[in-house]
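Subject: Structure handover

Hello,

Here is the structure you will be taking over. My notes on what was found in it follow below.

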Amino acid sequence: MTTEAATRRMPGAPCWVSLLAHSLSATQEFYGALFGWEFRPGPQHFGPYARAYLDGREVAGVGELPPDRHLPVAWTTYLASEDADATADQIRSCGGTVAVGPLDADDAGRMAIGSDPQGAIFGIWQGGAMMGAAVSGEPGTPVWNELVTQETGVVEPFYERVFGFEAEPVDSAGLDYLTLHIKGHPVAGIHGVGNGPLRDRGPYWMTYFAVSDTDAAVRRVTGLGGRVLRPAQDSVHGRLATVADSEGASFTIIQKR
């Protein structure tokens, strides 16, 4: 297990990402071609579900929505918990909502789906036989998770109380950004973008996947039927682009420095 993967399993840290799509086969084809993932069946509680593997190590999950559920297709970030039921109670008592669970996913673990007071959806995962992503930070694996919301100060107290994050502002003129730490390790971020960019979809958690070449990955995305939402650009952390898969689920790819 990589050091980044071990950090992701600390209570409160993002430990897993999962996508609910309309077509499981088409989604597997897209991500298999983009990241080199292979798929094996996972718990089937909500319908067809598969775990994605890279070089034999599990990195993400992909499920299929029931045909009558016309929900937006989106990646969900799961935050690690030592006790999913206690965390669910904390979410409710701090102004959030628990929409699904907590419930067991076979012997893999116990999970719930909730949302913060501003409506951003996330999962909680109490690991059992499956603790979370076995590898992260390498090309084709999750490398970062970031809450995109209106103002960081509005939701910061919720995540600090529920998950024990220590928030550290990024010192940059005009940038409303907090890095969330657990035991001194940076594990996630909160980006305040104001009302404008969120008008259509509301606050959401964004998953970042590492790639070896951002520009080549962008070309692969469009060749597979996806779209570019934010063109490739350089940042202090690396070259990144925000894209959408063939069904419209958005994610960010980054070639780290």
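Two rings of Phe, Tyr or Trp count as a pair if their centres lie within 6.5 Å, and for Trp the six-membered ring is used. Please keep in mind throughout that this is a predicted model.

Aromatic rings

By that rule there are 20 aromatic pairs. One of them joins F35 and F209: the ring centres are 5.1 Å apart and the planes stand at 40°, so this pair is tilted. F35 belongs to helix α2 (residues 24–35) and F209 to strand β13 (residues 204–210), so the pair ties together parts 174 residues apart in sequence. Both F35 and F209 are buried.

F35 also pairs with F251, at 6.2 Å centre to centre and with 65° between the planes, which is edge-to-face. This pair, too, links distant parts of the chain, since F251 sits in strand β16 (residues 250–256), 216 residues away from F35 in helix α2. F251 is buried, as is F35.

Which residues do the ring pairs link into a cluster? They are F30, Y31, F35, W37, F39, W75, F209 and F251.

The chain as a whole

The chain contains 5 helices and 16 strands. Its radius of gyration is 17 Å, close to the 18 Å that the globule rule gives for 257 residues, so the chain is as compact as a globular protein of that length. Along the principal axes, the C-alpha atoms fill a box of roughly 45 × 45 × 40 Å.

Of the 257 residues in the chain, 51% are buried. Taking the contacts between residues at least 6 apart in sequence, 60% join residues at least 24 apart. The accessible surface comes to about 11,600 Å², and 49% of that belongs to carbon and sulfur atoms.

Around T77

T77 is placed in strand β5 (residues 74–80). Is T77 buried or exposed? With a relative accessible area of 0%, T77 is buried; the cut-off for buried is under 20%. The side chain of T77 makes a polar contact of 2.8 Å with the side chain of N145. Leaving aside residues up to four places away in sequence, T77 touches P14, W16, V17, F122, G123, N145, W205 and T207.

Helix α5

Helix α5 covers residues 214–223, and its buried residues are T214, A216, A217, V218 and V221. The elements that cover these buried residues include α2, β14 (227–234), β15 (238–244) and β16. At the N-terminal end, D213 caps α5, with a side-chain oxygen 3.1 Å from the backbone nitrogen of D215. After α5 comes G225, which has a positive phi, near 100°.

A217, which lies in α5, counts as buried at 2% relative accessibility. Not counting residues up to four places away in sequence, A217 touches L34, V211 and I253. The C-alpha atoms of A217 and A232 are 9.9 Å apart, and the two residues are separated by 15 residues along the chain.

For a way in, I would begin with F35, since its two pairs described above reach F209 and F251.

Regards

Definitions and conventions:
Residues are numbered from 1 along each chain as its sequence is written. This is a predicted model: local features need pLDDT of at least 70, side-chain atom pairs count only at pLDDT 80 or more; totals for chains, interfaces and linings use all residues. Side-chain values use heavy atoms; hydrogens and water are left out. Rings of Phe, Tyr and Trp (its six-membered ring) pair if their centres lie within 6.5 Å; planes under 30 degrees apart count as stacked, over 60 as edge-to-face and the rest as tilted. Helices (H or I, at least four residues) and strands (E, at least two) are DSSP runs, numbered from the N terminus. Buried means under 20% relative accessible area, exposed over 50%, partly exposed in between (1.4 Å probe, protein chains only). The radius of gyration is taken over C-alpha atoms; the globule rule is 2.2 Å times the number of residues to the power 0.38. Contact means heavy atoms within 4.5 Å. Accessible areas come from the Shrake-Rupley method with a 1.4 Å probe; for residues, only the protein chains shown count as cover. A polar contact is a pair of N or O atoms within 3.5 Å; within protein, one must be able to donate a hydrogen and the other to accept it, and residues adjacent in sequence count only if both atoms are side-chain atoms.
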